[in-house]
Amino acid sequence: MRLLRGADHALQAQRGHLLAWGPVCIGLGIGSFFCLKRDPDALIFGSLFLTMIVALFFIRKSDIRGMLAMAIFLAGLGFCITASRSYQVSAPILSFRYFGPIEGRVIALDRSGSGALRMTLDQVRLVRVAPAKTPERVRLSVGPTQRTPLIGARVATTGHLMPPQGPSEPGGFDYRRHAWFLQLGANGYTRNPVLTVMPPQSGLALQRFRQNLSQLVQHRLDPAISGFAAAIIAGDRSGVTQQVTTALRASNLAHLLAISGLHMGLLSGFVFAFLRFGLCLCPPFALRWNVKKISAGAALVTAMVYLGISGGNVSTERAFIMVSVLLCAVLLDRRALSLRAVAVAAILVLLRRPETLLSPGFQMSFAATTALVAVFGWIRLQPWKLGPTWLRPVFTVVISSAVAGLATAPFGAAHFNTLSHYGVVANVLAVPVMGAVVVPSAVLSLCLAPFGLEEVGFWLLERGLRWILWVATWVSGFPNAQSGVPSPNSWVLPVFSLGALIPLLWQGGRLRWCGIPVILLSLGGWAGSSRPVVLISSDGGLVGVLTPAGRAVSRKAAKGYVARSWLAADGDLSEQAQAAARWSASSLSAPSVPEPAPPKAGGLRRIKILGFSLTHVVGKRQARAQTECSAADLVVTNVALDLRGPCRILTPALLQRSGSIKIGSDGILVSARDVAGNRPWSRPWRR
């Protein structure tokens, strides 16, 4: 009884801090929805609504019952909001491979992972596809020599389209789910000219303004940095070169490319500080008006304008909400930097777009913000100061870079499978320049542009960006600047997040340190995560086998995205050609039958692993040559195959229904469909 009373008192101590736990409860409901193997039926929703209604009667209780009732209600709210959002964005998905004329209106431009220019089209028209079955939006990669189309223009071309692809391995990143919430019903490419059928008409005026602003920036600055500048000012990353992106990622400065909390915070903070200082220089005005609130209001309007200019994507909306909460706290005479303010921002983001809970941007952004607010809040309560006054800005930058880097490192490693070892050094050297030079000069350029005097700001902007790119190139050139990290099991990251939030959000008492064992448990589970011995792509075009030297892949050039995804998930930074050379290497642990390199028209790869013989048949020539097999054979092919024998054959038709396949050390086959279940975004399509 004493233990129960102690637990009850500890929980009651959190009631005044309940708002900070709100995003956690809502996140549990959102995560529960995505963990289901099929859509919830009426019985599940009815039971949930009944439970939430019952919970409402206990919310006002001041004991443990009220706490649990509030948690149950918020979790149910998160579940229902996610289900509603899933049905709200429902749109047709292309059900087959399409080649032919494509017509639509350009609504967005960006770059793919390989650096190719992509355009997103709406108001799509496809030949021989009924309007009711035509995707709401499609994304099309264009050739390198293609002229950049205008936003809002109606264009036409001839190209290839196919439905969004599933995860490259069971349990991996599911692009189909990501595309579902973006209403992307097809992806593809074209190597034909993109013709403008109709110039931009009414609508999309803000998007066209962004494109014009991006072109202005790119024309006025050196090509080496113009894409970087356009990404920061207008949110247009279509001009960023692959070399710049690689250097920024290797130095842990890639967050400077995306308009996020840093950019929004720096811009709003600069406007707030500039106006407050400038208005204070006018004593009659400063004595009669609340300069602090006027500056906060102006900074809020500036943030709203920047939200519109930057495109209003998910990361920018998240940053705007966070900055708005902080500035509104100033207007209401509340403490701006508090965990409650961060919690309000997280709740608003999750209620608006609950699918962002699964995105690395949401997780890393709020992890860094929560850690920074908690650490600097603790420092503020200490009797000591961060050194002498003139050194405090330096210590503040170093501490903030270290705290943000440590807070986001587990999430970055889990999602991107890389760890930058010198990220703190790069951020300490680059972030102050971003705040002190780049952001003010960008604001100055935009303010002087109507008068034709933007060159003054562009000159300062160019110097600041050149310094940041030099730091990125210098740091990325350090020996072992990056290392690969294997992907953890699916439960590791949620458990780690919960363990990290307990010490940060729990108010007083020794129970807050219960989060440390939870963190250690998740890290131990990460270290003990095992990778599949065999991986098979969803079309049978690639097979990967885990060896002591790393994963060996069956082809050295084709299926590059899948091969890179497998190697990254293994924590392997090797190229596909290196992984292909391992297939016939003598270091294979299992007895193998090495085969010569396949001819251009196709090939055959064979290896003995896990007690069976795995054969990969590529191309029609090799398929015709294979006529018999035994019970100990597992045959994977990317074409139709007619074999006589008791072997198991994984044909393209079977893989189309199952998705990618993994085989663990126990020899059991698990498909992507087994993991994802039967959800609207994961249903099979015909090839």
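Tutor: A term is needed before we start: a residue counts as buried when its relative accessible area is under 20%, and as exposed when it is over 50%. Please also keep in mind that this is a predicted model.

Student: Understood. Which residues are buried in α3?

Tutor: The buried residues in α3 are F45, L48, M52 and A55. They lie on the same side of the helix, because the arc they cover around the axis is only 85°.

Student: What is exposed on the other side of α3?

Tutor: A42, L43 and L50 are exposed there.

Student: And what covers the buried residues of α3?

Tutor: The cover includes α4, residues 64-88.

Student: How far does α3 reach from its first C-alpha to its last?

Tutor: Helix α3 spans residues 42-56, and its 15 residues reach 21 Å, close to the 21 Å expected at 1.5 Å a residue.

Student: Let us turn to α20. How many of its residues are buried?

Tutor: Seven of the 10 residues of α20 are buried, so the helix is largely enclosed by the rest of the structure. The buried ones are G560, V562, A563, S565, W566, L567 and A569.

Student: What covers them?

Tutor: The cover of the buried residues of α20 includes the strands β9, β10 and β11, together with α21. After α20 comes G571, with a positive phi near 80°.

Student: Which residues other than glycine have a positive phi?

Tutor: N480 is one of them, with phi near 55°. R128 is another residue that is not a glycine, and its phi is positive at about 65°. As background, most residues other than glycine have a negative phi.

Student: Where are those two, R128 and N480?

Tutor: R128 is in the loop between β2 and β3, and its relative accessibility of 67% makes it exposed. N480 is in the loop between α17 and β8, and it is exposed as well, with a relative accessible area of 64%.

Student: Now the cores. Which residues touch the most other members in the largest nonpolar core?

Tutor: That core has 48 residues, and those touching the most other members are F228, L248, L253, L461, L465 and I468. The helices that each supply at least two residues to this core include α6, α7, α8 and α9. The largest share, eight residues, comes from α17.

Student: What is I468 in contact with?

Tutor: Leaving aside neighbours within four places in sequence, I468 is in contact with F228, L253, L256, A430, M434 and V438. Another core, of 41 residues, lies apart from the largest one, and I26, V325, L339 and A341 are among its members.

Student: Where is S226, and is it buried or exposed?

Tutor: S226 is in helix α7, and it counts as buried at 6% relative accessibility. Not counting residues up to four places away in sequence, S226 touches V217, Q218 and L221.

Student: On to the rings. How many aromatic pairs are there?

Tutor: The structure holds 17 aromatic pairs. In one of them, F34 and W681 have ring centres 6.2 Å apart and planes at 50°, so the pair is tilted. F34 lies in helix α2 and W681 in the segment after α24, so this pair ties together parts that are 647 residues apart in sequence. F34 is buried at 11% relative accessibility, and W681 is buried at 5%.

Student: Which arrangement do Y422 and F478 form?

Tutor: Y422 and F478 form an edge-to-face pair, 5.0 Å centre to centre with 80° between the planes. Y422 lies in the loop between β7 and α16 and F478 in the loop between α17 and β8, so the pair ties together parts 56 residues apart in sequence. Y422 is partly exposed at 28%, and F478 is partly exposed at 22%.

Student: Which rings are linked into a cluster?

Tutor: Ring pairs link F33, F34, F45, F49, F79, W180, F181 and W681 into a cluster. F45 is also one of the buried residues of α3.

Methods:
Residues numbered from 1 in each chain as written. Predicted model: local features only at pLDDT ≥ 70, side-chain atom pairs only at ≥ 80, totals over all residues. Heavy atoms only, no water. Helix = DSSP H or I, 4+ residues; strand = E, 2+ residues; numbered from the N terminus. Expected span 1.5 Å × (residues − 1). Buried < 20%, exposed > 50% of the residue type's maximum accessible area, 1.4 Å probe, protein only. Arc of directions from axis to C-beta. Contact = heavy atoms within 4.5 Å. Core = buried A, V, L, I, M, F, W, Y, C linked by side-chain atoms within 4.5 Å. Phe/Tyr/Trp six-rings, centres within 6.5 Å; stacked < 30°, edge-to-face > 60°.
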